[in-house]
Amino acid sequence: MSGIFGVFNRNGTPVEEATATAMLDAFSYWSPDEQGVKRDISVLLGHTMLHNTPESHHEQLPLDRGQYLLTIDARIDNREELFDQLILPDSPASEIGDSEFILAAYRKWGSSCPQYLLGDFAFAILDKEKKQLFCARDHMGVKPFYYHLDDDVFIFGNDMKGLLASKEIPTDFSDEAAAIYLEKGELWHPTLTFFEGIKKLPPAATLTVTDSSASFDTYWNIEATPLQKMETFEAYRGKLRALLEDAVRVRLRTAYPVASHLSGGLDSSMISVLAARLLAQKNQKLKAYSWIAAPGTEDDHTHHEWANSHQIAREENIELEHIDLDAKTLSEILLGLDIAWNDTTDLWYEFVLRKSAQQQHIRTVLSGWGGDEFITYHGRAIYADLFRHGKIVQALTGLWHKCTKAQKRTRCFILQCYRELILPLVPRRILCYMPKVDCPFLGYVQFAQKHFARYVRSRTKRSTFMYQKSIRGDQLYLYRQGHILARFESWASSAFACRLEYSYPLLDKRLVELALSQPAELYYREGVSRFLFRHAVADILPEEIRTGNFKYEPNRIEHILKTEQEAFAYLLEAYSWDDACLREHRYIDRDKLRLAMEKFVNREIAFKKNNIQTINEIEKAFLLATLGSRR
């Protein structure tokens, strides 16, 4: 995760030396390996380097090649393919940085060049002859790209902390972004940030800026992914297997130790096994992290929360570390986190993990995030999909099979038909008024100031993500809602300080396209979810893990509930509740929030859905109440 930034004075005034120095200092708070800026009269491009790939040690960024000036945060995965298509420096491939590949692609294909790049990237290219700045973000949006644009100046960067060092950017908060946060619990939006003056370049988008114009374009439309028809199941299985292996392989192109998540579930286990085997070929060892504390003497060591990850680690010679999160640490995280920097994802274990990884000089963490939405999708909408495509008997037979163990099988079958076949066909505007449909509405808004609560309610409609008409439609909905993008940006934001970057093999563009193009039946067949994926990893995972149909973590959830309760007690004592930040806050009512926290601290904790929801509501309100307090 290298830092990139730039300033384009559209009014033609030169970029001052003081501006260059201030922005470079602001983007260097995490002690980069190298840093530099280049100016061309009214344009400044800057870079703070995190060496990760072997080739990055040969790069000098920003890259100046006469007519072009370039800054990048990128890992280009199809270098071998591009090597034969592009005009590159006369050097061994191992000494050619990804910046040269991106610039050569731009020289050949112009603004269409991102279409030909595979990997995670955010970059900006100054074309001095055309007097324009061309910016792009990767297909899925793994790499952040933030910007401010007005008539006089265009300022961009991939780190909010650094970007706000510019005095040109207004720092008024966005009521719309805060409302989305209270509505969703995360900032799920492709272009908004918490600042009115800063926007995000959406995934798969480009932005071309001149002194008089700014034009946006989309170079890849995920919804236009064509359906593919292969002759046999084995053809699908073989293609998936090959892509899984390559998606992991290309993300191991690093000169430093590698880590992965390892929960013992299908996704993280598959990634960890493939990574461990590939690293073993180079006499290297994979480090893995589990989000559950090591089992104590009274714990059941055979429970899958511990047993699965231990088995994988033992068989593949993986060094496994358990992450323990105590209440004091959690309270310190909550007190120190400012969601203004765009980390809105409440996965607190990861803060502890990042510190451990940094201490062990790890710079790449592999995550299975995004698999559930695409290639390892559970097949939730399978029956509606079959029913809509005329496979009525198959759909009804499957629903009858689901009720095999029900005491009242006929009643169960009727209810399943209602939920799985009828509700997906109901118009979305009336779905929440149908019987047995749960559409939660704005639990977070209970802590809002009255005027802001009215604003949030005025722009929000009750909705549910359930009951989509097809598997493909459900997958696209899960992508559009914004949770995937929020995770990318949150982890990227907090990873800077620990000199880390995350990589997501299951969100490789090729795997996403395969997921959207394959027949619905490959997700759920013979009563087995993730059917194709389980067959593709048949000789990778132990049979009991490969065929397991669970993703249930009662021990971890119970532990985090108790930890959260104790952390709230710390917050009640440690935070200055009479601070003007809360007393006069435009979004959150201080007294309501403190009262709710006090009630929760005195509640008997149990593993119940309402306890989890209450914790989320209190945490989100507290973080919004402290928005911008650490600027």
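In which loop is Arg499 found? The legends below concern a predicted model, and the first of them takes up this residue.

**Close-up 1. Arg499 in the loop between α17 and β17.** Arg499 is found in the loop that runs between helix α17 and strand β17 (501-503). Its phi is near 55 degrees, a positive value in a residue other than glycine. Most residues other than glycine have a negative phi. Arg499 counts as buried because its relative accessibility is 16%, and buried means under 20%.

**Close-up 2. Tyr467 in the loop between α15 and α16.** Tyr467 lies in the loop between helix α15 (450-458) and helix α16 (471-480). Although Tyr467 is not a glycine, it has a positive phi of about 65 degrees. At 16% relative accessibility, Tyr467 counts as buried.

**Close-up 3. The cis peptide bond from Leu61 to Pro62.** The peptide bond that joins Leu61 to Pro62 is cis, and its omega is near 0 degrees. Most peptide bonds are trans. Pro62 is found in the loop between strand β3 (43-49) and strand β4 (63-65).

**Close-up 4. Packing of helix α10 and helix α17.** Helix α10 covers residues 349-359 and helix α17 covers residues 483-495. The two pack at an angle of about 40 degrees, and their axes are 11 Å apart. α10 is therefore oblique to α17. The crossing in which α10 passes α17 is right-handed. On the α10 side the contact is made by Glu350, Phe351 and Arg354; on the α17 side it is made by Trp491, Ser494 and Ala495. Sorted by class, the contact of α10 with α17 has three nonpolar residues, one polar residue and two charged residues.

**Close-up 5. Packing of helix α21 and helix α23.** Helix α21 (residues 554-574) packs against helix α23 (residues 590-601) at an angle of about 135 degrees. The axes of α21 and α23 are 9 Å apart. The angle makes α21 oblique to α23, because an angle has to be over 145 degrees to count as roughly antiparallel. α21 passes α23 in a left-handed crossing. From α21, the residues that make the contact are Gln565, Phe568, Ala569, Leu571 and Leu572. From α23, they are Arg594, Met597, Glu598, Phe600 and Val601. The contact of α21 with α23 has seven nonpolar, one polar and two charged residues by class.

**Close-up 6. Helix α13 and its buried residues.** Helix α13 takes in residues 409-422, which is 14 residues. At 1.5 Å a residue, α13 should span 20 Å, and this agrees with its end C-alpha atoms, which are 19 Å apart. Which residues of α13 are buried? They are Cys412, Phe413, Gln416, Cys417, Tyr418, Glu420 and Leu421. What covers these buried residues includes helix α11 (382-388) and helix α12 (392-402).

**Close-up 7. Thr208 in strand β11.** Thr208 has its place in strand β11, which covers residues 205-209. Is Thr208 buried or exposed? Thr208 is buried, because its relative accessible area is 14% and buried means under 20%. Apart from neighbours within four places in sequence, Thr208 is in contact with Gln132, Leu133 and Phe134, and also with Ser213, Ala214 and Ser215.

Definitions and conventions
Residues are numbered from 1 along each chain as its sequence is written. This is a predicted model: local features need pLDDT of at least 70, side-chain atom pairs count only at pLDDT 80 or more; totals for chains, interfaces and linings use all residues. Side-chain values use heavy atoms; hydrogens and water are left out. Axes are lines fitted to C-alpha atoms, for helices over the stretch in contact, and angles run from 0 to 180 degrees between N-to-C directions. Helices (H or I, at least four residues) and strands (E, at least two) are DSSP runs, numbered from the N terminus. Angles under 35 degrees count as roughly parallel, over 145 as roughly antiparallel, 65 to 115 as roughly perpendicular and the rest as oblique. A crossing is left-handed if the near helix is turned anticlockwise from the far one by less than a right angle, and right-handed if clockwise. Contact means heavy atoms within 4.5 Å. Ala, Val, Leu, Ile, Met, Phe, Trp, Tyr, Cys and Pro count as nonpolar, Asp, Glu, Lys and Arg as charged, and the others, Gly among them, as polar. Buried means under 20% relative accessible area, exposed over 50%, partly exposed in between (1.4 Å probe, protein chains only). The expected span of a helix is 1.5 Å times one less than its number of residues.
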